[in-house]
Structure formats: structure tokens, C-alpha cells
Amino acid sequence: MKYYDILIVGAGPAGLAAAQAAVSHGAHVGIIDDNPLAGGQIWRGGPDLQTDARAPQLWQALRSADNVEFMPQTRVMYAPQPNHLLVQTPDGAVTLHYKTLILATGARERLLPFPGWTLPGVTGAGGLQALSKGGYPLEGKRVVVAGSGPLLLAAAATLKSKGAQIVAIIEQARMPALLGFGAGLLATPSKIRQLLQLATQLSGVPYLHNSYVHSAHGDGSLQSIQVQRGDARDQETLQCDFLACGYGLLPNVELAQALGCATGKVNAQVAVTVDEWQRTSMPDIYCAGEGTGVGGVDLSLVEGRIAGLAAIGQIAQAQQAFSARARWQKFAARLARAFALREEVRTLAGDDTIVCRCEDVCHGELRIHTSWRNAKLQTRCGMGPCQGRICGGATEVLYGWRPDAVRMPVSPTRIASIIE
Amino acid sequence: MTDVRVTLTIDARNISVVPGITVAAAIAMAGNSITRRSVSGTARAPLCGMGICQECRVTINGRPHQLSCQTLCADGMQIVTANEGVA
């Protein structure tokens with residue numbers, strides 16, 4: 001068993017900022033992450049290689065400290081007792097004992113079912129971006145990036161830099177909402193710079209607003225998609241090798257819920273409830289970053305810093321970051337409003353469209369049920385290895401229900417890791 | 001830059017890749033992105049790219065259900081996908 005003053009789950013911006021704050025005051029800190037490298041999703045591939053200068057700065061500060069330990073490829077299984085987590089590493093299992101736990105588990109993409117979305121070649125938007133950063137070959141491939149939110153631009157820019165030919169970016173939001181969001185960026189000048197940079201990188205790529213992917217087609221793998229543009233009577237067909245389609249992000253709240261932390265709605269999404277110090281409803285457990293509500297890298301960094309400082313009792317310093325947090329929380333609220341889902345994307349699945357990809361449960365089997373629990377018992381929806389992480393986000397949008405309980409272990413685990 | 005390569009086996013075929021890429025990427029480079037078959041037998045390939053969806057599961061060095069999107073290629077790795085599995 002290992003002991004840490006502060007144990008942090010997640011090595012993205014929030015986790016690294018929390019770690020740096022705590023480490024600089026002498027706390028003994030452990031950070032675990034299920035990926036092979038630190039950085040989370042936005043700094044995927046390692047914080048030392050990012051153009052955002054804050055990433056290498058944080059990473060260097062942590063690397064030069066001798067009171068912090070980073071454990072990659074490590075997943076939480078469950079809590080055998082309070083203030084303990086049993087984790088799985090590539091080699092086996094180990095129990096980590098902590099005084100204070102900071103959850104920085106980030107977000108995942110909201111993936112919605114439409115006809116053909118299980119075809120090889122259809123991925124998430126951030127999904128294909130993440131795959132490409134891991135070396136996924138896209139040179140010369142025709143890629144459509146679709147769904148909703150500013151992530152589509154960032155994903156398209158990354159994919160283009162990897163040699164992909166971006167056929168189009170398809171955004172479901174309507175122009176008035178997009179213009180409103182653009183005007184709101186005046187409050188956050190760094191975001192305007194970012195947007196202009198992306199616009200330059202993507203010059204010449206068609207940006208189709210007020211549009212959405214209706215269906216994907218192909219024999220064995222993706223060959224084309226049908227696109228609905230506004231209220232047009234006829235759909236357009238686009239030929240492509242990949243469709244990278246994601247409808248924004250969802251907070252990863254499952255570990256927090258499994259540990260007993262309360263959740264509530266933040267910007268219409270279920271997120272971990274925290275107080276001004278980023279404390280959850282459970283003693284000794286804090287949460288920072290996308291888990292408390294999707295807001296992007298800037299909000300994650302400041303929340304991580306507040307959590308790290310508050311967790312070691314540096315109250316006055318933590319308070320100094322409150323105004324920055326408030327500013328980025330407003331940005332998050334504007335983001336959620338501008339890219340709210342339109343009704344049509346809730347109705348794309350046909351009766352034979354798979355909704356639960358782990359258990360191959362179709363829309364026609366699910367829509368007759370009245371609750372997640374009922375559907376789960378009758379159809380096995382949500383009982384596969386993703387444990388409802390993907391279909392739960394979809395059923396919330398399609399039917400208004402989502403997973404109502406989290407079981408330990410929170411992710412698939414080797415039996416040997418539990419009985420060792 | 002070094003010209004170090006990592007050699008692994010994907011469905012009994014050898015492939016040599018640059019270090020630092022994921023097993024999911026190597027599988028796609030080998031010519032077919034399919035990683036697993038669903039419970040009703042349909043072909044699946046990586047979806048979320050970040051260890052959530054479980055679609056990228058393959059067998060690595062005899063251990064089944066490993067997430068290829070979160071595993072880096074290593075020399076001598078033996079990968080088995082469901083590319084030629086039951087249809």
C-alpha cells in the first residue's frame with residue numbers, strides 16, 4: 001500500500017494544475033491516469049509537446065519536484081474502504097491510501113446514434129482527433145467533421161495537419177446562436193485569438209452551419225454520408241473515408257458517483273456538485289475540471305489550482321483564483337447555450353439503429369421502455385463493457401433517461417487484479 | 001531523429017512502425033481498421049479514441065479485451081483482432 005497526502009485521478013489540465021499547486025507547498029502527491037502519457041485529452045501526447053505554453057510549464061514544475069509520483073496506465077477499480085482506492089496497473093493491482101482525493105476525470109464526447117453510426121470509419125470528432133494524435137493514419141483520407149461545438153474546429157485543424165482532406169465541417173447550431181457566441185467571446189480575448197488561428201488553419205474548408213449528418217452508408221466500412229442542410233427539401237450526399245461526429249462533451253461523473261459524491265445539473269448536464277473550494281459532498285474528496293461541468297481548458301486549470309490549494313489549506317491563495325473561475329464559468333454557460341442540441345438530432349435513429357453498441361440493442365427495442373432500469377433489465381442496454389458510458393449519454397437525449405447507479409468496479413477489470 | 005522501428009505482429013502478419021504510436025494506429029496501418037466483432041457479429045473499429053467506448057478491444061500478448069487506443073506499440077507485441085472472425 002502506498003500513501004499520499006493528495007491523490008489525484010486524471011492528469012489533464014485540472015489534475016496537473018491541482019498537483020502543481022499542492023506540490024509547490026510540499027505536499028506528497030500521487031497522480032494516476034489511464035493513458036500511457038499525461039496531458040488528458042486536450043494535451044494528448046504529453047504536456048511537454050504542446051503549443052499551449054501552460055502545459056510544458058506545469059509538466060516541468062512537476063518533473064523537477066521530488067514529492068510527486070505519476071502513475072500512467074492506471075485505472076481505478078473501487079474503494080475497498082474510505083480514503084483508499086484499489087487501482088489496476090499494467091502489472092497488477094495496488095491499493096493507494098490518501099488523506100485527500102482530487103477527482104479530475106475530465107469529459108467524454110456525447111455520441112448520438114444515427115443510421116450507419118456503427119460502421120468502421122465513423123468515430124467521435126474529438127475521437128478521431130485523439131486517434132490521429134496516437135498515429136492513426138489519415139494521410140490523404142477524406143474526412144467529414146460533424147456534430148456541434150468549437151471542438152469541431154480544433155479537431156478539423158488537427159486532422160488537416162495530419163494530412164487529412166477535410167471535406168466539410170457540419171455544425172448543427174443555427175447562425176443566430178453562433179453569432180451570439182462569437183459576440184460573447186469579447187469577454188475572453190484569448191478565445192478570439194484561438195478562433196482566428198483555427199480559421200486560418202481551416203481556410204478553404206466548407207463550414208456548414210444549421211446542418212447535421214442524417215445517416216452514414218457503406219459496404220463494410222464508411223463510404224458516404226447524407227447531410228441535411230437547414231430546411232432543404234433534399235439531402236446532400238458527401239463521399240468520405242471517415243466521419244468524425246460528436247455532439248459536445250459530457251462530464252465523467254461515474255467515479256465520483258461510485259464514491260458517493262452528489263451530482264446535479266450544471267448547464268443542463270449532470271456534473272459533480274462542488275462548493276467554492278471545489279469540495280464534493282463527500283469528506284476528503286474534491287473535484288475539478290470538466291467533471292464539475294464542461295468549460296474547457298481555462299476553467300479546468302483554474303479549478304484544478306483552487307482544488308489543489310484548498311486541499312492543503314492554502315485558503316487565501318485559492319481565493320485569489322475565484323474571479324478567474326467566475327469568468328470562465330460564464331464562458332461555459334455561453335458555450336452550452338450556443339450549442340444546445342436541436343430537436344432533429346434526437347430523432348435520427350430508426351427502429352433498426354443500434355443505440356447500445358456493446359450489447360447491440362436497437363432503438364426499436366428501447367423506445368417502448370419507460371426508464372433506464374426497465375430498459376436495462378429487459379434488453380441488456382448499458383450492461384456491456386462500456387457500462388452505459390456511450391449509450392447512457394444517448395438515451396438521455398433520445399428518451400430522457402440515463403444510468404441511475406454506478407457499480408464497482410467502475411471500469412472493466414481483470415479478475416486477477418481483484419483476487420490477488 | 002532516429003530510425004528506430006518497433007516490430008509487432010498483427011493477425012500473424014509482421015508490421016514495423018515508428019515508436020510512440022498506439023496499437024489502434026498500427027492496426028489501421030496494417031490495412032484494416034477492424035478491431036472487434038459485436039455480439040451479433042458486425043465489424044467494429046475505434047470510436048471514442050480515449051478509452052471509454054471499448055470498441056477498440058483486441059487481444060494483446062494473449063490477454064483479451066485490451067484497449068488498443070490506450071496501448072502503445074512495443075517490440076514483439078502479438079496482436080489479434082477480430083478482422084477475420086465470424087461474420
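Q: Two strands pair if DSSP finds at least two bridges between them. With that settled, which residue in strand 19 of chain A is the bridge partner of A:Ile102?
A: This is a predicted model, where local features need pLDDT of at least 70, side-chain atom pairs count only at pLDDT 80 or more, and totals for chains, interfaces and linings use all residues. Residues are numbered from 1 along each chain as its sequence is written, while chains are lettered from A and ligands numbered from 1 in the order in which they are written. Helices (H or I, at least four residues) and strands (E, at least two) are DSSP runs numbered from the N terminus, and strand 6 of chain A runs parallel to strand 19 (residues 285-287) of chain A, with 3 bridges joining them. Across that pairing, the partner of A:Ile102 is A:Tyr286.

Q: Strand 1 of chain A is joined to strand 6 of chain A, but by how many bridges?
A: Look for A:Leu7, which sits opposite A:Leu101 in strand 6 of chain A. Strand 1 (residues 2-9) and strand 6 (residues 93-103) of chain A run parallel, and the number of bridges between them is 7.

Q: Which residue in strand 14 of chain A does A:Ile225 stand opposite?
A: Strand 13 (residues 224-229) of chain A runs antiparallel to strand 14 of chain A, and 4 bridges hold the pairing. Opposite A:Ile225 is A:Leu238.

Q: How many residues of helix 3 of chain A are buried?
A: Buried means 20 or more other C-beta atoms within 10 Å of a residue's own, exposed means 12 or fewer, and partly exposed is in between, with C-beta atoms placed from the backbone. The buried ones in helix 3 of chain A include A:Leu128 and A:Lys133. For helix 3 (residues 125-133) of chain A, the count is 9 of 9.

Q: Which element gives the most to the side of chain A that touches chain B?
A: Contact here means C-beta atoms, placed from the backbone, within 7 Å, and 29 residues of chain A contact 30 residues of chain B. Strand 7 and helix 3 of chain A are the elements giving two or more residues to that side. With 4 residues, the top contributor is helix 3 of chain A.

Q: How far apart are the axes of helix 1 and helix 8 of chain A?
A: Among the residues that meet are A:Leu16 in helix 1 of chain A and A:Leu301 in helix 8 of chain A. Helix 1 (residues 13-23) and helix 8 (residues 297-311) of chain A pack at about 35 degrees, and the axes are apart by 7 Å.

Notes
Contact = placed C-beta atoms within 7 Å. Axes fitted to C-alpha atoms, helices over the stretch in contact; angles between N-to-C directions.
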